[in-house]
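Hi everyone, thanks for coming.

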Amino acid sequence: MTEASGVRAEGGVEKQAAQSPAPFTLAVDAMGGDNAPEIVLAGLEMTAIRHPDIRILLIGDEKVLNASLANYPKLSGICTVRHAPESIPMEMKPTAALRVRGSSMRVAMEAVASGEARGVVSAGNSGAMLALAKIIVKALPGISRPAMAAVQPSARGDVVMLDLGANIVCDARNLVEFAIMGEAFAQAALSLKAPSIGLLNVGSEELKGDERLKQAAERLRDSVLSDRFHGFVEGHDITAGVTDVVVTDGFTGNVALKTGEGALKLAFGLLRSVFMSSWLTRIGYLLVRPGLRRMKEWIDPSRYNGAVFVGLNGIVVKSHGGADAEGFASAVDVAVDAVENRLNDKIRHRLDQLGMLGQSGESREQE
């Protein structure tokens, strides 16, 4: 997070209002998510306090939104409502979502594509969001496949990981592109000048892994990213924070992400069982409760909410569908950081250095 969006304090999140470097507009899909639009509006009320200079293009059912905005005075001062008569259900297939012309998600994407907004934030259907983004916002020249990137906790601080599910099968070129985008995202989101990059593999030895991983590693070692390329990393290296950026295909990344989330739930469940097992352990819990609360706040999912579809001609941020207001506000913070820190300009610069700018490995999808 940048100073413009707040200060992350150890053991939790502290936010402070600050002036954005320059006013810009974010399009927000008000109807996406499990508890829309109320959670979206409550989160944007926090956004209005943290980023009073940005503007929000709030897209959804005009009647519903105007009726609710009276409860959010700060948001009312920075937003404009645009009517979209339809919304995309969470269970709708991406191909079907593409045909819903009046959906709030599509109208938000169109605002980015036209240049009216610099980015879009939605807690809606992930598959539909990626499909619409690729068709309407389109990929940057030189990027064959946009990837889903997000910040994760580690023992050494925050780590960027991608792809987290956008691309199940990837080749060596895709992985190199992900490394470029991951480096830029780490610079924008974590304020790292020279983030280190690792390729997720079954071992750290150079002989391990399949051919695509070996080819990607070879290309990175021979590129301008060579001084930042750490080499192969293993699963336990993610939480150890061995590198600032972890690159993998979407299948492996999504499995690793969900496994990590499950491990955290298991750990806290076991701790609760242990501390509630007897009167003596209950007393022990009272003694360590401040430390446990601090740890829980540090790895709070709300703090890490907001995955970015990197590699698009605009900033596209996916909030978790079940996020609370604080979580949605965090997703908007991610979008603000990406715009203010010129994420896409950093990606274009690297692509140009590598001679990949404008040389897409795959044909663009046509609407």
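Let's begin with a term: a patch is made of residues with over 30% relative accessible area and no salt bridge, where like charges are joined within 9 Å and nonpolar side chains (Val, Leu, Ile, Met, Phe, Trp, Tyr) within 5 Å. The accessible areas come from the Shrake-Rupley method with a 1.4 Å probe, and for residues only the protein chains shown count as cover. A salt bridge, by the way, is a side-chain nitrogen of Lys or Arg within 4 Å of a carboxyl oxygen of Asp or Glu.

This is a predicted model, so local features need pLDDT of at least 70 and side-chain atom pairs count only at pLDDT 80 or more, while totals for chains, interfaces and linings use all residues. Residues are numbered from 1 along each chain as its sequence is written, and side-chain values use heavy atoms, with hydrogens and water left out.

Okay, the patch. W279, L280, I283, L287 and V288 make a nonpolar surface patch of about 570 Å². I283 is in helix 11, residues 279-298; helices (H or I, at least four residues) and strands (E, at least two) are DSSP runs, numbered from the N terminus. The cut-offs are under 20% relative accessible area for buried, over 50% for exposed and partly exposed in between, with a 1.4 Å probe and protein chains only.

Now look at strand 11, residues 315-318, which is covered on both faces: I315 and V317 are buried on one side, V316 and K318 on the other. Which strands does it pair with? Two strands pair if DSSP finds at least two bridges between them. Strand 4 (residues 119-122) runs parallel to strand 11, with four bridges, and V121 stands opposite V317. Strand 10 (residues 307-310) is antiparallel to strand 11, with two bridges, and there A307 has K318 as its bridge partner.

Last, charges. The count is twelve salt bridges. In one of them, R173 meets E177, with the closest N and O atoms 2.6 Å apart. Those two sit four residues apart in helix 7 (residues 172-190), so about one helical turn separates them. R173 is buried at 19% relative accessible area, and E177 is buried at 0%.

D345 has salt bridges with R342, at 2.5 Å between the closest N and O atoms, and with R348, at 3.0 Å. Finally, R50, E326 and D333 are linked in a salt-bridge network.
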